[in-house]
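Open the model in your viewer and keep the selection panel handy. We will take it one stop at a time.

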Amino acid sequence: MVVDPMCGSGTTIDVCKEEGRQVVGYDIAPQHSEVIQNDARNIPLDDESVDMVFIDSPYGDNVKYSEHPDCIGRISCEENLFYEELEKVAQEIYRILKPGKVMAWLIGDQWVKKRFTPVGFKLYGMLCKYFETVDIVVVARRGQSSHTGVWHNRAKRFNFYLRGFKYLFIMRKSYPEDTTVKKTNKIKWAKYK
Ligand SMILES: C[S@@+](CC[C@H](N)C(=O)[O-])C[C@H]1O[C@@H](n2cnc3c(N)ncnc32)[C@H](O)[C@@H]1O
């Protein structure tokens, strides 16, 4: 059972269906017939009922997603409030996930008006309060509009780096008493065959 609390145009629903997984997608302003209207800070699911959460949250107020007053994408990532609201979402994800299960959160940094905001690192710091890290994947943004001559020229002219990647934070909700992790540093390579 996969849940996407900010499912937008429903990519997660389409992918889960292709892979034969059960899925529920929510969004404050749905753009897909199967996405249910809901605020990610209050997910209508029971505690510990979900096997995986994927979330692609706003990165700040760089994109206008909707006019909805509760859209977190109306808050600048330069304000603490942005991370406080995302923390409420993280707490809900923690609540609905079964112990030992994993969530993946996609996010990018911001560079606006000569000011860089490390949105990814700020979010990651907050997520570490709740989850243990499984892995961090850097997702290259190939084929996006920043990968064109127009943006290359702007970057040279106005002296900024093109933001060519996003982070995918893959994190696990621990068991109350995690007995699955053996306290040894020795790697048994045969196990990985
Ligand atoms: C980066 S987009 C997600 C795109 C999505 N992965 C897709 O395939 O279209 C971020 C989404 O977060 C949604 N959002 C913003 N605030 C929200 C909130 N409080 N509760 C639920 N969704 C919210 C926006 O409406 C937007 O669709």
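## Stop one: the ligand

Start by selecting the ligand in this predicted model: the space it takes is the largest pocket. Now show the residues around the ligand. Which of them come nearest? There are 19 residues around it, and those that come nearest are Ser 9, Thr 11, Asp 27, Ala 40 and Ile 72.

Next, zoom in on some polar atoms:

- Select Ser 9: an N or O atom of its side chain is 2.6 Å from an oxygen atom of the ligand.
- Select Asp 27: here a polar atom of the side chain lies 2.6 Å from a ligand oxygen.
- Select Asp 70: this time look at the backbone, where a polar atom is 3.1 Å from a nitrogen atom of the ligand.

How much of the ligand does the protein bury? On its own the ligand exposes 600 Å², and the protein buries 92% of that.

## Stop two: the whole chain

Zoom out and switch to a cartoon view. The C-alpha trace of the protein chain spans about 55 × 45 × 35 Å along its principal axes. The chain has 4 helices and 9 strands. Follow the cartoon from the N terminus and you will pass the elements in the order β-α-β-β-β-α-β-β-β-α-β-α-β.

## Stop three: the sheet

Now hide the helices and look at the strands. An open sheet is formed by 7 strands, in the order β3-β2-β1-β4-β5-β9-β8, with mixed pairing. Which strands stand at the edges? They are β3 (36–37) and β8 (132–140); each has a single partner strand, so one side of each is left without a neighbour in the sheet.

Select β1, residues 2–4, together with β2, residues 23–27: the two run parallel and are joined by 3 bridges. Click on Val 2 and look across to β2, where its bridge partner is Val 23.

Keep Val 2 selected and turn to β4. In that strand the bridge partner of Val 2 is Met 52. β4 covers residues 50–56, and it pairs with β1 in the parallel sense over 2 bridges.

How many bridges join β4 to β5? There are 6, and these strands run parallel.

How values were computed
Residues numbered from 1 in each chain as written. Predicted model: local features only at pLDDT ≥ 70, side-chain atom pairs only at ≥ 80, totals over all residues. Heavy atoms only, no water. Near = heavy atom within 4 Å. Polar contact = N/O pair within 3.5 Å; in protein donor to acceptor, adjacent residues only side chain to side chain. Areas by Shrake-Rupley, 256 points an atom, 1.4 Å probe, with all protein chains shown as cover. 1 Å grid on protein atoms, 1.4 Å probe; cavity = no way out; pocket = protein on both sides within 12 Å on 5 of 7 lines; lining within 4 Å. Sits in = over half its atoms within 2 Å of the grid points. Pairing = 2+ DSSP bridges.
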